[in-house]
Amino acid sequence: MTSLRRQTVRIRPHLDLDVRVGGEGSPVLVLHGAPGPAALTALTEHLARSHYVVAPTHPGWEGTARPDDLDSVPDLAAVCLELLDRLGLSRVTVIGTSFGGWVATQVALDGREGQVSGLVLMDAIGPVIPGHRITVPSGPPTPRPSDPAARPSARGGPPAQTAAALRAYAGPDLQDPGLLPRLGELALPVLVVWGGDDTVVTPAYGRAYADAFPRSRFVLVPGAGHLPLREEPEAVLALLDDFLGPQDRTERGVPAPSPQE
């Protein structure tokens, strides 16, 4: 297993970003959800075996500062794009889970041509989809004993600072009514992975999310809820490996994967 190193990247005069980087190969930007970056440790270490992984901590998580004017998902996506510029990266695959999936979608939409080459969403929130709503759980799921995020703070819910940051970025409804109509702009390949038993954002919501992209593949993970990477890690990692592999082959002249199943 490849461990990522931690570094600080100056984005703006009053904004330093805490970032974990490591590995070699095609670049991958990994964006965490409300539980924070620790919940994606298994994912980032796995990807770092064959990719250059960049995993920032959203300002406001893990005790990091969030400037008052950084108060929307488009603002946070702009920070991620500035990070890619600082690191000199292009043709990046962006991977996001839950809230991080919303940010990942915004990064793909707002990036310059050639900056983002692929998108992976796992039980992502973001768009308003008629007939579907986001059901916020009353408390966090109980972590498995082997879960690296299974610390007392994880069992007791997110710190107040983290909850405040999430509200500042996502608003009270955790949705953007202007997002869904824009998804048709994205011609890049998209993989949408969804827990078959997700009650926060149902599989029907996820399928409608995927349907809005021109080139997407929607995959259900049986037996998983809102955190399929935690609940069915082998299945999720296999899906990611399969998706990332064909993109690398495309750069060598092999046809891209077929559109949505």
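This report describes selected helices and residues of a predicted model.

## Helix α3

Helix α3 spans residues 99–110 and contains 12 residues. From its first C-alpha to its last, α3 reaches 17 Å, which is close to the 16 Å expected at 1.5 Å a residue.

Most of α3 is covered, with 11 of its 12 residues buried.

## The crossing of α2 and α3

Helix α2 covers residues 73–86. The axes of α2 and α3 come within 8 Å and cross at roughly 65°. Angles of 65 to 115 degrees count as roughly perpendicular, and α2 and α3 are therefore described as roughly perpendicular to each other. The crossing in which α2 passes α3 is right-handed.

On the α2 side, the residues that meet α3 are Val 73, Pro 74, Leu 76, Ala 77, Cys 80 and Leu 81. Their counterparts in α3 are Phe 99, Trp 102, Val 103, Gln 106, Val 107 and Asp 110. An α-helix has 3.6 residues a turn, so residues three or four places apart point the same way.

## Pro 74 in α2

Pro 74 belongs to helix α2 and is among the residues of α2 that meet α3. With a relative accessible area of 36%, Pro 74 is partly exposed, because that class lies between the limits of 20% for buried and 50% for exposed.

The C-alpha atom of Pro 74 is separated by 9.9 Å from that of Ala 170, and these two residues are 96 residues apart along the chain.

Thr 64 is located in the loop between β4 (51–56) and α2. Its relative accessibility is 16%, so Thr 64 counts as buried.

The side chain of Thr 64 reaches the backbone oxygen of Trp 61 at 2.6 Å. Leaving aside residues up to four places away in sequence, Thr 64 touches Asp 18, Thr 57, His 58, Pro 59 and Gln 161.

## Glu 231 in α7

Glu 231 is part of helix α7, which comprises residues 228–231. Because its relative accessibility is 15%, Glu 231 counts as buried.

Two polar contacts involve the side chain of Glu 231. A polar atom of this side chain lies 2.5 Å from the backbone nitrogen of Gly 225. The side chains of Glu 231 and Arg 230 are joined by a polar contact of 3.3 Å.

Methods:
Residues numbered from 1 in each chain as written. Predicted model: local features only at pLDDT ≥ 70, side-chain atom pairs only at ≥ 80, totals over all residues. Heavy atoms only, no water. Helix = DSSP H or I, 4+ residues; strand = E, 2+ residues; numbered from the N terminus. Expected span 1.5 Å × (residues − 1). Buried < 20%, exposed > 50% of the residue type's maximum accessible area, 1.4 Å probe, protein only. Polar contact = N/O pair within 3.5 Å; in protein donor to acceptor, adjacent residues only side chain to side chain. Axes fitted to C-alpha atoms, helices over the stretch in contact; angles between N-to-C directions. Parallel < 35°, antiparallel > 145°, perpendicular 65-115°, else oblique. Left-handed = near helix turned anticlockwise from the far one by under 90°. Contact = heavy atoms within 4.5 Å.
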